[in-house]
Amino acid sequence: MVDAPHVPVLLRPLIAALQPIQGVWLDGTFGAGGYTRALLDAGADKVFAVDRDPSTFEMAKAWAGQYGDRLQMREGRFSQLDQLAGEPLDGVVLDLGVSSMQIDQPERGFSFQKDGPLDMRMGTTGPSAADIVNEADEAHLARILFLYGEERQSRRIARAIVAARPVTTTLQLAEIIARCLPRQKPGQSNPATRSFQALRIAVNEEYDELYEGLAAAERALKPGGLLGVVTFHSVEDRMVKRFMQLRAGATGNANRFAPEVEGPPPAFELVGRKAAGPDDEELAANPRARSARLRVARRTTAPAGRADPAALGMPILDKGEKRR
């Protein structure tokens, strides 16, 4: 058996929260296969492994054969997980964000610490980060940096990027950003962190994917089926938290004196009231897990519906901004 090239985050609490694991499951963010293998080893009859990056399936060939037909690999986006599975599911797991193995490959263009082409695509199609950086107008670029990266100096950085075009490599972009911000102090994150995050989210349409993926999981799960989601930053966690709360029937009455309005029957029930984070043992073994949060919900018998993206706190570019 070949070891996975990275450490699955919150694997132990995830598997513990999803017990008993049986029937048909879907891992919507296959990556190096850590969650998929754990689900199969824990008793799942079959796991659909979904990823938009075809290279993940090439790497899995070294060990996938031991599971036979129990492992079904599907190239695609997890926003379409119900279609990719094609049958009702007993569980869905999502591990959001970019994987460590992608960050560690300079040619993928995710890292500001290693030089490589300015790509950032999790798959192989669609506009790259270079396309956005070199083609978006200054106002649109600043909006992406502010909305998706919460970068306060977004306008200054966008202006500097436009002036330096063409920008083609990760280190070139990181240097442009660094010149716009105060010098990094010991213990602080790299000045390029927020801007690189924003561009990655824009390139891969990550918030749209998350919104659609949660809705697809609601459609695909059988009554009693479990949804487990691991997030890595506050916006993702807010979206998942509010989705689960709202679809579990928490309507949030703004006026406590007004009569309660009966909403649709809840599509989920929460499994635990708080998100689970890494313990000291996991943090010692994998410092990248420090911001990870796990939330779990169980599907009810109610018909699938849809949550309002604004109610989830989903950052949304103004109408017409997404593609220019």
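I began at Pro166, which sits in the loop between α8 (154-164) and α9 (170-180). The model is a predicted one.

I then looked up another cis bond. The peptide bond from Gln19 to Pro20 is cis, and omega is near -5 degrees. Pro20 belongs to the loop between α1 (11-17) and β1 (24-27). I noted the background: most peptide bonds are trans, and most residues other than glycine have a negative phi.

**Positive phi**

Leu10 has a phi near 55 degrees, a positive value in a residue other than glycine. I placed Leu10 in the segment before α1. Is Leu10 buried or exposed? Its relative accessibility is 0%, so Leu10 counts as buried.

Glu205 also went on my list, with a positive phi near 50 degrees. I found Glu205 in the loop between α10 (193-204) and α11 (206-220). Its relative accessible area is 18%. The cut-off for buried is under 20%, so Glu205 is classed as buried.

**Helix α2**

I stepped back into the helix itself. How many of the nine residues of α2 (residues 34-42) are buried? I read seven, and the helix is mostly covered. The buried residues of α2 are Gly34, Tyr35, Thr36, Arg37, Ala38, Leu39 and Leu40.

**Val50**

From Thr36 I went across to Val50. The two are 14 residues apart in sequence and 9.7 Å apart in space, C-alpha to C-alpha. Val50 lies in strand β2 (residues 46-51). Val50 is buried, with a relative accessible area of 0%.

What does Val50 touch, leaving out residues up to four places away in sequence? I listed Leu26, Asp27, Gly28, Thr29 and Phe30 among its contacts. Val50 also touches Phe57, Arg74, Gly76, Arg77, Phe78 and Leu84.

**Strand β5**

Next I followed β5 (residues 221-231). Eight of its 11 residues are buried, so this strand is largely enclosed by the rest of the structure. I looked up its partners.

Strand β4 (residues 89-95) pairs with β5 in the parallel sense, over six bridges. Here Val92 stands opposite Leu227 in β5. Strand β7 (residues 293-299) runs antiparallel to β5, and six bridges join them. I picked out Gly228, whose bridge partner in β7 is Val296.

**Whole chain**

I finished with the overall numbers. The protein chain has 13 helices and seven strands. Its C-alpha trace spans about 60 × 55 × 40 Å along the principal axes. Why call the chain compact? A compact globule of 324 residues would have a radius of gyration near 20 Å, and the chain has 20 Å, which agrees.

I read the burial next: 49% of the 324 residues are buried. For contacts with a separation of 6 or more, residues 24 or more positions apart account for 70%.

The accessible surface comes to about 15,900 Å², and carbon and sulfur atoms hold 50% of that. The chain carries 42 positive and 42 negative side chains, and the centres of the two sets lie 6 Å apart.

Conventions. Residues are numbered from 1 along each chain as its sequence is written. This is a predicted model: local features need pLDDT of at least 70, side-chain atom pairs count only at pLDDT 80 or more; totals for chains, interfaces and linings use all residues. Side-chain values use heavy atoms; hydrogens and water are left out. Helices (H or I, at least four residues) and strands (E, at least two) are DSSP runs, numbered from the N terminus. Buried means under 20% relative accessible area, exposed over 50%, partly exposed in between (1.4 Å probe, protein chains only). Contact means heavy atoms within 4.5 Å. Two strands pair if DSSP finds at least two bridges between them. The radius of gyration is taken over C-alpha atoms; the globule rule is 2.2 Å times the number of residues to the power 0.38. Accessible areas come from the Shrake-Rupley method with a 1.4 Å probe; for residues, only the protein chains shown count as cover. Lys and Arg count as positive and Asp and Glu as negative; His and the chain ends are not counted. The place of a charge is taken as NZ of Lys, CZ of Arg, CG of Asp or CD of Glu.
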